[in-house]
Amino acid sequence: MLAIVCQLSLCSKNPPTQYLPTEYRGHHSAQKLLPEGLLADLANSADFVIPEFAEHLVRSRSVTEATRGDRLTSPYITASQLPSIVGLVLVQTAHRANAMTVSFFSEVAHHPTSLWVSIAKASFTHSLLEENGGRFSIAVLTQKQKETALQCGTQSGRDRDKCAALDLYPGPEGYLFLNGALASTACSVSQSVSIDDHTLFVANILSAEMDSRQSHLRQLLLSDLM
Amino acid sequence: MHWPGRTIWDTRVQGVCGVLSAHGENETALFVSATFAQLTLDPPRVIVNPNRTYSIEPAIAKTRRFAISVMPASRQNEIVRLMAARRRQPDRAQVVGLTIEEDVEHSIPFVGGALRVLFCEVEDTVGAGDRRIYIARILGTRDTPELQNQRPLLFSEVSGGPRRFIGLQKGVRTILTRTGGLDYLKKGFHRLKPQAPPNIALNTYEEGGADENELAQINSYGVLDTSRRLSPPNAPAPLTKDLGICVVGTGWGSFHCNVLRQASPNARLYVCGRDPDKTARLARAVKAEDHFLGIEQAAADPRVQGLIVALPHDLHRHAAEMIAAAGKHALVEKPIATNLADADAMIEAAQRGGSILMIAEDMHYRPAIAAAVKRIMAGDIGEPLYFFGHAAGIRRPRGWAAQSERMGGGVLMDMGVHYVRALRLLMGEPETVLASRAMQIDTKISGEDSAQLIFSNSTGWDAHLVLSWSSLRGNLPDITVAGDKGTLHLWPGASFIDLYPVDPPLIPRMLSLVRPYSLQEKLMRPRFGRVRIKLAEKEGAGYVGEVREFLAAVAEDRAPSSPPSDARRDLEIVLSGYEALAQGTRVQVPPLP
């Protein structure tokens, strides 16, 4: 097993070392750790297991950790400052569907009834949202759905149809809902705000469904994924 | 089985529970939130969207700095209490017993004992309906290492108010969900009580949303109700020190002799009067150590440390000045005086003499009032809207009490000061008063035998007093406080108070499902909707408490918990009532400094 830990940043001479595993933190530049060519190869490799959580970092040439064949640790887990609940953003266009694990989301307002989700601009989900006019659903996962969260958070939808492995069903107006989730909610983006490398999507809640068989379970937390 | 979500709370997007805190107007603004999350990784930013009807919103908007204290699962009870606490209650942390600390580096208050605290500074705001999105940069964090093995508290664990038998409830719920029993129960319930269509936007708005006009209307009364300046004191302990107390007055004074005996068996009782026979008779009846003829004699006696004055109202000033001049302490019956000039002179005399002047106002020490105030602050009745004070009973005052110039008026002066104090303790300081009265029944007195007053405060509450010596109250509470989430009934002399929550207890909730309706009506009883709260103190009135407090103040040589200025204010409000009665229009109560 080849374990490679790297952080490559062509954008900044002092990349954020918080994305590095603990033992490498403190290095001003992770480029010193590994040859640059190898890093570039890794970042561009088609079969390289890239966390979608960290997809935007790859696109800005900033890779966190790469372990061929191993699951990657996402900065959205390790560098998150807040313990949060975990959900899936499900997006569908005429040609593709995708599921992305998220923890940067919450309720916005009771009138209009809305929620927000923050999505990295470089992510596949972001491009799909731009394509379909901002229609998505959020499935809030239960504590028993850790594997689902990891599957949809450690692979890119560009390379693989993650929805194929999910137990999805069509909700109202064709939104994708997830069986076994605590709740699935259909949303339509009402405003988007660009904030650095993320976009804050504020979306009206159109409808939702709860799975009564899961209602005794608690939500999946980021800490459950560590 | 999939059920349609009816409100935003069904979406489960409310997750980890924390407390937002910021420096507010003369308080630390606190708000329980489960709708914060991180926005970006680098630089780390968060989003919060506090409710715009709570004091936290203007506090964050003004200071631009706030903390998110992520609470551990073990702090469930405190957070439930904080969520339930009255919305416009200042210093909510104190009410629920949370410790507030200050981060010196960032000058931001936070909740002690949090799993993790994030100190944040607002970068931007985004309007989003009835909430405002605050985008904030994380300035720093603080962890509590000993709590790191705990998971964070979740919204689902604190929503729905205080719960009992949590473990049992969880167990039952798990069985019902796994077996599908919950689905059957829900279906059955919906058959009995058909649900509205699952319009998530409409239902959420109806239950907890507001448009801009509504928000403006709600906030026009202020995000904090600071009208209440008085607080009921803790119940004073019985006196253990040996003190000589002389009761002045042989009429109502005899009542005070009995109260003194109940308040402290250690106090040496003396009696003072003008009539030798009457005074000696009372002294024998109450087993007094000795008796005096004339207040000068009593005040000069070295065995006497304090005097309880139960004389006609117009004599209060003279008695208080004489006692103060003798260097003795005085507990003077209410009202403090018949006019503000006399009240001021009494307060000044006590200050000059370095002695204690306390006014006997039992409402201040009435256990039911203290318990009701706690319930109000805890949010049991929501926002207090109406206070009803009903003091009635057939009384035919004669002698000095029938003369309005000696009494200071009629029933409004005599009973009004009590209920004004109750109003001030339970609701706050009135700003305006309107008064009227029914026909005079007792034509043998020069003062009024009944009156009604309506007090108002711009923070959004009204108070109605009905005072009468010519009608009976019957079996009714003498004080009722009605709020948007419940109503409190206080009964005279009772050692309990009654709470009628808007969300009814289990029995009436179950009975509401009984069909046909005729059977439901037969089974339902008003008392089923009542929660009776027993008081720790046996004495329902506050007489013993007020005397104990006076004795404690004398023994400890300290100011009493209710200074005479409180009684002066009661008198000032009552005099405003008389002015309103004379003018027939709404009158401004002089504002407090």
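Predicted model: local features only at pLDDT ≥ 70, side-chain atom pairs only at ≥ 80, totals over all residues.
**Exercise 1. How many bridges join E18(B) to strand E25 (residues 587-588) of chain B, and in which sense do the two strands run?**

Residues are numbered from 1 along each chain as its sequence is written, while chains are lettered from A and ligands numbered from 1 in the order in which they are written.

Solution. Helices (H or I, at least four residues) and strands (E, at least two) are DSSP runs, numbered from the N terminus, and two strands pair if DSSP finds at least two bridges between them. E18(B) and E25(B) are joined by two bridges and run antiparallel, with B:Thr432 standing opposite B:Gln588 of E25(B). E18(B) also pairs with strand E19 (residues 450-457) of chain B, in the antiparallel sense and over five bridges, and there B:Ser436 has B:Gln452 as its bridge partner.

**Exercise 2. Work out which side chains of strand E18 (residues 432-436) of chain B are buried.**

Solution. A residue is buried if 20 or more other C-beta atoms lie within 10 Å of its own, exposed if 12 or fewer, and partly exposed in between, the C-beta atoms being placed from the backbone.

**Exercise 3. Describe the cover of helix H17 (residues 416-426) of chain B.**

Solution. Eleven of the eleven residues of H17(B) are buried, among them B:His418, B:Arg421 and B:Arg424. Just after this helix, B:Gly428 takes a positive phi of about 145°.

**Exercise 4. Describe how helix H5 (residues 166-179) of chain B packs with helix H6 (residues 181-192) of chain B.**

Solution. Axes are lines fitted to C-alpha atoms, for helices over the stretch in contact, and angles run from 0 to 180 degrees between N-to-C directions. H5(B) and H6(B) pack at an angle of about 90°, with their axes 5 Å apart, and they are therefore roughly perpendicular to each other (under 35 degrees counts as roughly parallel, over 145 as roughly antiparallel, 65 to 115 as roughly perpendicular and the rest as oblique). The contact (C-beta atoms, placed from the backbone, within 7 Å) is made by B:Leu176, B:Thr177 and B:Thr179 of H5(B) and by B:Gly181, B:Leu182 and B:Leu185 of H6(B).

Definitions and conventions
Contact = placed C-beta atoms within 7 Å.
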